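This report describes selected features of a protein model. Please consult the sequence and the structure shown below while reading.

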Amino acid sequence: MLTAEEWSAVQLSLKVAGVAVLAMLLPGIACGWLLARRRFPGRSLLDALIHLPLVLPPVVVGYLLLRSVGRRGWLGGWLYEHFGLDLAFTWKAAAIASTVMGFPLLVRAVRLAIEATDPRLEAAAATLGAGPLRIFCTVTLPLALPGLLAGAVLAFARSLGEFGATIMVAGNIEGVTRTIPLAIFSEVQTPGGDASAMRLVVIAVIVSFVALLVSELLSRRLVRRSGGVS
Amino acid sequence: MIEVDVTLERPGFHLEVAFSTAAGTLGIFGPSGAGKSTILAIIAGLIRPDRGLIRIDGRTLFDAAQGIDVRVDRRRIGMVFQDLRLLPHLTVAGNLRYGPRARGGDPDDLIGLLELGPLLDRNVADLSGGERQRVAVGRALLVRPDLVLLDEPTASLDGRLRTEILDHLERLQERNGRPMIQVSHRLGDLLQLAEELLVIDEGRVVGQGRYSELLQDVTVLPTLRRRGVVNRLRGRTTGSAEVMVLPGTAIELVTPATHRGADADVVIEFDPADVALARHRVDGTSIRNQVEGIVTRWTDDGAGVFVEVRLGVEGPTLAAEIGRESLAELEIEAGRPVVCLIKRQAIRIL
């Protein structure tokens, strides 16, 4: 049904999005919790910084990333020098671009989910002898889990569609960094590539639709559960 | 020994409370908004006072001067919240075993006492009000706290369930012997457990002591009155549905009918204003209860006279509220024999 090139684009997309979501999970939970539960100086600044990729043109984000992780960038140069790591124009750079672009969506979902969990339950857990970490792992996180998963699914879907930042920092190398959106773009540019583009479009629609559906189901479960608090 | 001396300033609210108690159960009584629950939250460590000291059995939990503020989870204070706060994602067993210290010791005894055994695998959302309350109590006690705080443990319950949970608490108190502080705006609910009362109003201690003492204290009486003063006595049912005997005495009271069979322990309540006093037994009256007693003391708080009467020889005491004219007419003084007239309809069986 799919050609080898198309199939490789689908696989690469799933891999990049999967790695991006895994990479953003821990910092995303941490930032979401910070914004939901803590008042500290610079909180608004952190909030704005996290949400910046949502409002900046993706190409701008991609450019900034390229300047950072490219071999002459401050981070890329350091990584290359000490670990021989070259990130730019590899699938890893695509994953980084997806991480940065999807991060605000995850943080937002985690924050809302944690805000929806009742702090009085956390206080009750504390009186039973649970310390802050135990409370987070056994009360806050389980109650916020459906919202958190919904956020992860959204970020995953966002990563699948990531184009502008990816093409800047990872390029459009077939079999290496050519994800579904890049493949569609390339096929449309190629004479006779319309059928191939169409197949990839259908796949993109299906994957995104399923992701949204899963996300919706999970948030509904969160609402029901937090509504069941006595 | 529980020692509390704290100050908390909030916009529009000033709390300044100092008390110490060695009572097995201290009842904190006061009108809504008096600061009762705030005191519990401060002791538990959920609200930080501006100044002061909290010490339990010599262990300092909070001392502003020395900068001591033991974290909530290390205070070893069990709390039963007014809104219960059962963890909705855990079963009954999960809630009971939540506290790290709940896993030591032998929980079966407590679970049996609270009749929680059959509920262990249930989801907390599927429990009735009384069941939830018992789970909340069990959860707080299973962590073997140094002190148990009960915030309006009967507020969400009515009638039979209220006395049921109080009976459970009483049995726990006898068995476990952990000191408790119970907060309520219902005086009657405090009287079943509390050996000592702390009366709070507008963020201040109005009085502290045994109920019978406070009823004779003119500085405390106005606060007690505002929420309705009650007489609360223990009774035992007899063969007749409408006759009750006061345990340890031969005194019988005619009450509204109960259907609990003979020899059941019940708690009865009636208001001091529903007790009339007479010098002698009265003939030809609709009042069914005429109980002889001896005046032990009386007090006049300006709005009314409260007379304390000991029923029979060694029976319980009750309070009667009478007018000032009657005080003179009956020549009320300590040691005077009187007859207490109590209407059957005035008696509430809990």
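## Basis of the report

The model is predicted: local features need pLDDT of at least 70, side-chain atom pairs count only at pLDDT 80 or more, and totals for chains, interfaces and linings use all residues. Residues are numbered from 1 along each chain as its sequence is written, while chains are lettered from A and ligands numbered from 1 in the order in which they are written.

Helices (H or I, at least four residues) and strands (E, at least two) are DSSP runs numbered from the N terminus. Two strands pair if DSSP finds at least two bridges between them.

In chain B, five strands form an open sheet in the order 14-13-12-15-21, with antiparallel pairing. Strand 14 (252–254) and strand 21 (348–349) of chain B stand at its edges; each has a single partner strand, so one side of each is left without a neighbour in the sheet.

Another open sheet of chain B has five strands in the order 16-20-17-18-19, and its pairing is antiparallel. Its edges are strand 16 (275–278) and strand 19 (317–322) of chain B, and because each has a single partner strand, one side of each lacks a neighbour in the sheet. On average, neighbouring strands of this sheet are turned by 45° against each other, direction ignored; the axes are lines fitted to C-alpha atoms.

Strand 17 (residues 289–300) and strand 20 (residues 337–342) of chain B pair over six bridges in the antiparallel sense. Here B:I294 stands opposite B:P337 of strand 20.

B:A328 is found in helix 9 (residues 324–329) of chain B. Is B:A328 buried or exposed? B:A328 counts as exposed because it has 10 C-beta neighbours inside 10 Å; the cut-offs, with C-beta atoms placed from the backbone, are 20 or more others within 10 Å for buried, 12 or fewer for exposed, and partly exposed in between. Between B:A328 and B:L318 there are 20 Å in space, C-alpha to C-alpha, and 10 residues in sequence.

## Contact between the chains

In chain A, 18 residues are in contact with 23 residues of chain B, contact meaning C-beta atoms, placed from the backbone, within 7 Å. On the side of chain A that touches chain B, helix 6 (119–127) and helix 7 (132–161) of chain A are the elements that give two or more residues. Helix 6 of chain A provides the largest share, seven residues.

Conventions. Axes are lines fitted to C-alpha atoms, for helices over the stretch in contact, and angles run from 0 to 180 degrees between N-to-C directions. Two residues are in contact if their C-beta atoms, placed from the backbone, lie within 7 Å.
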